Amino acid sequence: MKRDQAWIAAHIPHQGAMCLLDAVEQWDAEAIVCRASSHRRSDNPLRAANRLGIANGIEFAAQAMAVHGALLAADDAAPTVGFLTSVRDVQWQRPRLDDIASDLMVHAQRISGSANSLLYQFELRADEAVVLSGRASVLLKAPPA
């Protein structure tokens, strides 16, 4: 099954221009890689003063984590809502995303997790170079019974 932007938008809360990812490139039980081109769009809703700062890459990573959760869920299960509770060890190699000509590859790897929380390591890469990396904690809210 193709996991393109339409599939992604149907499985995460972000819609329209706020759905930042174009496609799932690969995934397994522990990790996901998504492709994104929305950092180049002039209508990207995260832009400020006609720029897309590097810290906005954390939202790209958070959406990849949400997509990973949707892929791991049973087909008939209601999506579990997740809240980004912290980011740590964030490092960036450049100040902006909007001046990157190539697509971004958004990598997220699950480090640990329970029924209530998850911890992911993430990286955004452009032409194989890491432009942003860090760890993110997600608090899960179970769907209604």
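Asp 98 and Arg 47 join their side chains in a salt bridge at 4.0 Å, N to O, the term meaning a side-chain nitrogen of Lys or Arg within 4 Å of a carboxyl oxygen of Asp or Glu. This pair ties together distant parts of the chain, with Asp 98 in the loop between S3 and S4 and Arg 47 in the loop between S2 and H2, 51 residues apart; helices (H or I, at least four residues) and strands (E, at least two) are DSSP runs numbered from the N terminus. The model is predicted, so local features need pLDDT of at least 70 and side-chain atom pairs count only at pLDDT 80 or more, while totals for chains, interfaces and linings use all residues. Residues are numbered from 1 along each chain as its sequence is written, and side-chain values use heavy atoms, with hydrogens and water left out.

Asp 98 counts as buried at 13% relative accessibility, where buried means under 20% relative accessible area, exposed over 50% and partly exposed in between (1.4 Å probe, protein chains only). The whole structure holds 10 salt bridges, and Asp 22, Glu 25, Arg 35, Arg 40 and Asp 103 are linked in a network of them.

Helix H2 is mostly covered, with 12 of its 16 residues buried, including Phe 60, Met 65 and Leu 71.

In the loop between strand S2 and H2, Asn 50 has a positive phi near 60° and is exposed, with a relative accessible area of 58%.
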